[in-house]
Structures are given as structure tokens and as C-alpha cells.
Amino acid sequence: MNELIIELTDIGPREFFGQENANIELLKKYFPKLKIVARGNKIKAYGDEEVLEEFDRRITMLLEQYAKYNKIDENVIERVLLSRNREEYETPAGSGEVIVHGVSGKPVKPLTANQRKLVALMNKNDMVFAVGPAGTGKTYTGVALAVKALKDKDVKRIILTRPAVEAGENLGFLPGDLKEKLDPYMQPLYDALRDMIPAEKLASHIETGVIQIAPLAFMRGRTLDNAFVILDEAQNTTHAQMKMFLTRMGKNAKFMITGDPGQIDLPRRVTSGLKEALLVLKDVDGVGMIYLDDKDVIRHRLVKEVIAAYRKIENVD
């Protein structure tokens with residue numbers, strides 16, 4: 001049996017091994033043919049030479065990733081281990097840089113290959129569809145791009161909208177005034193903005209209309225120009241709603257449409273406007289489309305398992 005010894009020099013063992021050796025346990029899961037032992041600042045692995053070589057290569061990738069981003073966790077490890085090559089998980093030179101610096105200088109940047117492709121698509125096209133399961137950073141990346149466009153004065157306003165399908169586009173039965181009715185439903189959009197714009201400035205932007213957050217029904221009859229517009233949860237639009245929204249596009253506008261076709265809340269036999277638009281517009285010049293997947297999930301690692309488990313019982317057409 002062959003032996004491989006890897007000594008950690010540029011990262012603390014506790015940080016690399018994870019809490020209660022969680023990261024080491026994850027490595028064992030992906031390399032079941034190896035016996036892996038972590039002690040002190042060393043990782044020892046025993047097994048066939050070919051498997052050891054692959055293990056050594058992946059550990060080197062992980063250490064390089066840490067050196068670049070000062071971060072390693074279960075999501076990073078899984079991205080590196082599941083990627084076929086470096087291009088799938090690492091930011092190429094000259095691309096994928098920080099989108100925007102958020103509150104307290106926090107850098108917001110694409111964390112996966114598909115998120116970087118989304119940024120590149122948005123730079124090249126005025127309309128982009130970003131489709132994928134929960135937790136893949138579609139909305140968050142979109143909001144970051146919108147905030148950047150506003151800061152760079154490429155647009156004069158940000159408009160964020162969702163179809164209020166759970167409330168049937170009829171919010172009258174909810175308590176409070178209109179803003180109080182809408183705020184809980186729009187909370188994910190507020191959460192992303194709060195990460196990127198200081199509270200006082202955000203409140204000012206909302207008060208003056210520089211940033212507008214409203215249900216999709218409120219877009220009817222408007223021309224949205226000089227704006228970065230994000231339609232979130234677009235899988236819950238109908239044919240008429242999607243067509244209405246897309247035709248609101250005015251001069252110097254950027255439109256981003258995000259959604260998860262696996263989470264449609266529309267009544268049965270009602271066609272999703274998102275699914276339809278993806279088919280109708282797939283060959284239109286100036287319209288970009290990106291499909292994110294399980295490897296892009298940046299929430300808790302269990303989210304990936306949940307998505308995979310449900311996919312087995314769902315017949316998503």
C-alpha cells in the first residue's frame with residue numbers, strides 16, 4: 001500500500017480540517033478507496049498510487065484556492081472535487097473580479113464558474129435569463145450587478161420585481177398599508193440590497209425611487225428606461241405577465257430574468273411564462289441565457305442533497 005504525506009504550511013490545520021474534522025470527513029466521502037488520517041499539520045493518505053495522485057492534485061487545488069480567496073469550507077471543497085478542470089471552479093485571469101464592494105467593504109464576487117458566466121453574459125447582452133435551483137446565487141448576483149451599474153452611473157435606477165403569485169396578485173387580505181403588505185414577500189430582494197448598500201443610503205434610494213421594489217402587476221403600462229430591472233421568481237409568471245414585462249424595456253435598460261422551473265406555484269394547466277420565454281427567445285440576438293445547477297449552490301451543503309432528492313421524484317418537463 002502506497003503512502004502520501006501532505007504538510008500544511010500556509011493554512012492552519014484547524015481551518016483546513018474544519019470543525020470536528022468535517023472537511024476531512026468530506027474528503028473521505030469523495031475518496032472512499034483511500035485511508036485518510038489527519039494529525040497535527042499533516043494529512044496522510046494510504047492507497048493505490050493512481051488514486052493517491054488524484055488526491056494529491058485535488059488537495060493542491062484546494063490549497064491554491066485558499067491562497068487566492070482566504071476561504072475554505074464544504075461548498076468550496078465540493079466545487080473543487082466535482083469540477084472536471086480548474087476552469088470550472090477558478091476565476092480565470094482578467095475575469096470574475098469583484099462585482100461590487102458591499103457594506104463594510106465586503107467584496108461581492110461570483111463564486112462559481114456559472115456565476116462568472118452570468119456576469120459575462122450580462123456585460124454582453126441587454127437581456128439575460130438566469131435559470132437554476134434554489135441557492136445558486138441568481139438573484140444575489142443580479143442585485144450585485146444592478147448596484148454596480150447604479151454606482152457606475154450606467155443606469156439611473158434599479159427596479160426589482162416579483163410576481164406575487166402566492167398572494168394571487170391580490171394583497172388586500174393582508175394587514176397593514178401597501179408597503180407593509182409587500183415587504184415580507186419582497187424580503188429576499190431587500191436582504192441582498194442590505195448586504196451591498198448602507199442602511200441610510202438604501203432607505204434614501206427607496207424613498208426617492210432610485211430603487212423600486214414592487215410586484216409584477218405594478219409594471220403594467222410603464223416604460224422602464226435608464227434602469228437595471230430584475231424579474232425574480234419568473235417561473236411564476238403567466239404568458240401574459242411575461243410578455244407584458246419584457247415589452248416594458250426602454251432605452252438604456254438592462255433586464256435580468258431569474259427563476260427555477262422546478263418551483264412553479266401556478267395553477268395546473270397554466271403555462272409558465274419563464275419556460276415559454278426560454279423557448280421563444282432562445283435564438284434572439286442580444287438575449288443571453290445561463291443554466292445554473294447543483295454545483296453552483298452556495299447555501300448549506302444539505303441544499304444540494306435536498307435538490308437531488310426531490311429531482312428523483314419530480315417529473316419536471
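This is a predicted model: local features need pLDDT of at least 70, side-chain atom pairs count only at pLDDT 80 or more; totals for chains, interfaces and linings use all residues.
**Entry 1, the sheet.** I started with an open sheet of six strands, ordered E8-E7-E9-E10-E6-E11 with parallel pairing. Strands here are DSSP runs of E with at least two residues, helices are runs of H or I with at least four, and both are numbered from the N terminus. I count two strands as paired if DSSP finds at least two bridges between them. At the edges I found strand E8 (211-215) and strand E11 (287-291), each pairing on one side only. On average, neighbouring strands of this sheet are turned by 15 degrees against each other, direction ignored.

Residues are numbered from 1 along each chain as its sequence is written, and side-chain values use heavy atoms, with hydrogens and water left out.

Buried means under 20% relative accessible area, with a 1.4 Å probe and protein chains only. One side of E7 carries Arg-157, Ile-159 and Thr-161, and the other Ile-158, Leu-160 and Arg-162.

I found E7 joined in parallel to strand E9 (residues 227-231) by five bridges, with Arg-157 opposite Ala-227. E7 also pairs in the parallel sense with E8 over five bridges, and there Thr-161 has Ala-214 as its bridge partner.

**Entry 5, strand E6.** Lastly, I saw E6 (residues 127-131) pair with E11 in the parallel sense over five bridges; Phe-129 stands opposite Met-289.

Terms used. Axes are lines fitted to C-alpha atoms, for helices over the stretch in contact, and angles run from 0 to 180 degrees between N-to-C directions. Buried means under 20% relative accessible area, exposed over 50%, partly exposed in between (1.4 Å probe, protein chains only).
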